[in-house]
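Come along and keep the picture in view.

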Amino acid sequence: MKIKKLLSLTVVPTLVIASLTGCGTQTEAPSASEVTEAAPKEETKPAEEGKEQEKVVLKVLAGQSTTDAGVEDMIDEALAKKYPEITLEWECVDWGKDFQPKMQQYMQSGLPDIMIGKAQDVTTYGSQGLLGDLTGKEYISKVLDAALPGVTLDNKVYGLVYNALYQGVYYNKQIFKDNNIEIPKTQAELKAVIDKLNGLGITPFATHFVDTWSIGNITMQFAINDVFNKTPNWGDKLREGEATFTQSPEYRSAYEYNKLIFDNTWKDETFSLEQTEADARLVQGKAAMKVSGSWSIQNFLDVDEKFEFGIFPFPNQTGDSKLIFEPNITFMKSADSPYQDAIDKVFEVVTNDKELALEIYNYTKTASMLKDVTPTFTNPSQADIDKYASDGNIVDANTGNTQLQWGGFQEENAKDIAEWLQGNITIDDALKAADARKENSKP
Amino acid sequence: MRKKSLDNKIFLQYVSLVLPGMLIFTVGLIIPLFMAFRYSFTSWNGMTKEMPFVGLENYKKFFTDSYVRDAWAFTIKFTIWNTIIQNVFALLFAMALDSAVKAKKIYRTIFFIPCLISALITGFVWLRMYSNILPKFNELIGAHFNFLLFGSKETVLLGLLIANNWQWIGYWMLIYLAALQSVPLELYEAAKVDGASRWKQFIHVTLPMLAPAFTICIVGITTGSLKVYDLMVSSTGGGPGRASTSIIYLIYNTAIGGRQYGYGSAMSISLVVVLLIIAVIQVGILRKREVQA
């Protein structure tokens with residue numbers, strides 16, 4: 001009995017103290033500003049001048065797109081040649097699913113030295129003072145000017161944009177050629193193309209709606225051209241109560257384009273099909289078009305390296321829609337890292353080493369965001385991209401993505417659209433649901 | 001004096017045995033639980049230093065949120081069906097393998113292999129099965145079965161049940177098999193002497209003797225099903241729409257993906273309470289039915 005009493009007297013306080021200690025630790029977790037202002041810790045002092053050869057291990061959190069896996073080995077190899085004393089310790093995660101949760105975790109325990117995400121992450125984390133200022137660095141001058149506005153906050157550059165994805169309607173050139181189909185520019189023209197393809201027994205659109213991100217992505221593509229191109233601060237207006245999804249004819253149209261695609265795809269299968277299968281079917285001629293992005297090119301060329309495809313912007317009502325480019329791989333550095341010089345050296349390697357840049361672009365099948373570096377892989381859609389670029393018909397995806405948050409907002413709206421397409425709710429319900437969660441919309 | 005020293009020794013022994021487990025349990029479970037309880041009264045987004053106190057707002061929202069209601073409805077349906085199907089089939093397979101079936105070791109291994117696979121891989125495998133592999137059978141035999149079970153709200157539960165049961169029946173089967181093999185043969189012999197038929201032997205001997213196994217399996221399957229998450233991640237993504245969003249999936253999406261850590265914490269506290277109530281009720285009822293050989 002005595003033993004039991006003693007044991008319980010020991011166990012209970014231990015539990016209470018341990019619990020309180022845990023809570024206390026959390027309360028004292030470094031804030032964004034504290035992280036920024038914190039002095040480097042004694043034990044993690046960077047290499048001092050004259051001791052450049054001192055070994056440095058940099059932690060890297062890489063939020064990757066489907067095209068990016070494998071890039072880390074290329075960077076390691078190039079870095080080992082130029083700066084053998086620097087080693088990168090990679091943690092590669094899926095950008096869509098795991099980058100934000102990982103960042104949340106690291107914001108409590110200390111950020112990695114380098115973070116690789118998308119340009120839109122600069123808005124989220126840069127505004128909290130977590131990212132190091134890259135303004136005026138020599139390597140930033142290597143980046144195309146067009147890539148800088150999306151990673152600039154208060155006139156300071158916080159991201160090194162490395163490559164870009166193009167988004168629009170990828171089409172099977174052979175099908176278009178064989179059936180004398182012209183590139184549609186307006187909704188009316190698109191509907192005529194759809195009718196013609198249906199008449200020929202060809203599925204107009206390849207889709208894979210099992211991936212909710214795919215619905216979210218194409219909806220944002222439509223919204224960029226119809227909503228944000230005309231009202232760049234539409235998201236701010238939504239939060240201030242000056243705009244709503246339910247009252248916006250443009251956003252309603254963006255939702256309705258999903259229905260147009262859903263009505264002209266393999267309706268029964270799309271909520272069971274993955275991206276690789278949908279991409280393969282476009283190559284095989286089972287569908288003529290796919291609203292997608294450069295992330296599909298790897299799949300296209302894996303199925304058939306001679307596949308002829310092009311790209312055009314998804315047509316809007318007024319016929320003035322633009323091709324969308326999305327700054328993709330974006331290097332960011334922790335403001336708190338004690339290894340600022342070593343990080344700069346890494347960024348210098350990825351921007352100066354043209355061989356490495358070419359290797360990465362050719363592997364990921366993406367466009368360069370570095371001056372004087374042009375990928376050499378055969379991209380049948382490059383001629384289309386060049387044409388839209390020279391005509392000034394290109395728009396940055398960040399116009400929408402920096403206005404409306406992906407996780408918790410765009411993603412949830414996409415689920416509502418899926419529910420609507422499946423007939424479980426009405427379009428009005430879906431639009432109202434988007435309005436109801438507007439407090440989660442700020443990136 | 002000597003007794004006191006013995007008591008001290010025993011006490012130290014207790015502490016040394018309890019302490020490691022208690023520390024792990026405290027750090028991994030108790031502390032996070034207390035922290036989640038604290039966050040549940042805030043509107044913290046998981047990133048900022050500020051954790052604005054909102055009182056019971058999150059709990060009020062929890063009881064009126066239609067997504068929570070739908071997620072619970074899905075989770076409960078999934079749990080009930082899983083508990084019935086897995087217990088029935090696991091017991092049937094165990095009885096079959098407990099009899100004089102040839103090559104029963106091979107069957108046992110075959111049944112057990114799926115539970116060695118990660119649930120994430122299981123989800124991916126069944127996504128491919130339904131969308132790519134099984135429809136080929138339709139082409140081969142000229143049939144029109146709907147194998148696209150993940151593709152609609154009406155069939156997604158069935159699709160997930162098949163995948164989940166395929167993975168776990170073998171595991172629970174082994175527990176029933178072990179229990180069946182531990183039933184003393186004398187009990188059957190005595191029942192035979194009393195003129196009991198095979199069916200009566202099963203009802204009056206086998207089932208009561210399996211009661212401890214029932215407790216383990218029913219509680220295990222129920223709590224496991226209520227916590228289902230990873231299977232959906234790689235298969236349905238909680239869809240189509242939100243049709244297969246389990247409560248854990250919703251909690252993760254809300255707290256982490258949706259940056260509503262406070263609300264997500266309130267959801268998880270509620271889940272813990274529900275899990276505790278269910279486990280206590282189940283164990284209470286099932287323990288009463290257990291008998292000793």
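This is a predicted model: local features need pLDDT of at least 70, side-chain atom pairs count only at pLDDT 80 or more; totals for chains, interfaces and linings use all residues.

How many bridges join strand β3 of chain A to strand β12 of chain A, and do the two run parallel or antiparallel? I counted four bridges between β3 (residues 114-117) and β12 (residues 330-333), and these strands of chain A run antiparallel. A reminder to myself: strands of a sheet pair through backbone hydrogen bonds.

**Entry: one pair across the strands.** I looked for M115(A) and found M332(A) of β12(A) standing opposite.

**Entry: the whole sheet.** I then traced the order of the strands in chain A, which reads β2-β1-β3-β12-β6. That makes five strands in an open sheet, and the pairing is mixed. At the edges I found β2 (86-94) and β6 (160-161) of chain A, each of which pairs on one side only.

**Entry: helices against the sheet.** Next I looked at what packs on this sheet. Helix α3 of chain A, residues 71-82, touches β1 (56-64) and β2 of chain A. I noted an angle of about 170 degrees between the direction of this helix and that of β2(A). Helix α13 of chain A, residues 340-352, lies across β1, β2, β3, β6 and β12 of chain A. Relative to β1(A), helix α13 of chain A runs at about 55 degrees.

**Entry: chain A in totals.** Of its 443 residues, 48% are buried. I also looked up how far apart contacting residues sit along chain A: among contacts with a separation of 6 or more, 80% are between residues 24 or more positions apart.

**Entry: where the chains meet.** Which helix of chain B gives the most to the side that touches chain A? I found that α1(B) does, with 12 residues. The contact as a whole takes 37 residues from chain A and 34 residues from chain B. Helices α1 (2-39), α5 (119-141) and α11 (247-257) of chain B each supply at least two residues of that side of chain B. I sorted the residues on the chain B side into 16 nonpolar, 12 polar and six charged.

**Entry: two helices in chain B.** Last, I looked at helix α3 (residues 66-98) and helix α6 (residues 156-181) of chain B, whose axes are 6 Å apart. They pack at an angle of about 45 degrees, so I wrote down α3(B) and α6(B) as oblique to each other. Their crossing is right-handed. The residues of this contact come to 20 nonpolar, five polar and two charged.

Key:
Residues are numbered from 1 along each chain as its sequence is written. Chains are lettered from A and ligands numbered from 1 in the order in which they are written. Two strands pair if DSSP finds at least two bridges between them. Two residues are in contact if their C-beta atoms, placed from the backbone, lie within 7 Å. Axes are lines fitted to C-alpha atoms, for helices over the stretch in contact, and angles run from 0 to 180 degrees between N-to-C directions. Ala, Val, Leu, Ile, Met, Phe, Trp, Tyr, Cys and Pro count as nonpolar, Asp, Glu, Lys and Arg as charged, and the others, Gly among them, as polar. Angles under 35 degrees count as roughly parallel, over 145 as roughly antiparallel, 65 to 115 as roughly perpendicular and the rest as oblique. A crossing is left-handed if the near helix is turned anticlockwise from the far one by less than a right angle, and right-handed if clockwise. A residue is buried if 20 or more other C-beta atoms lie within 10 Å of its own, exposed if 12 or fewer, and partly exposed in between; C-beta atoms are placed from the backbone.
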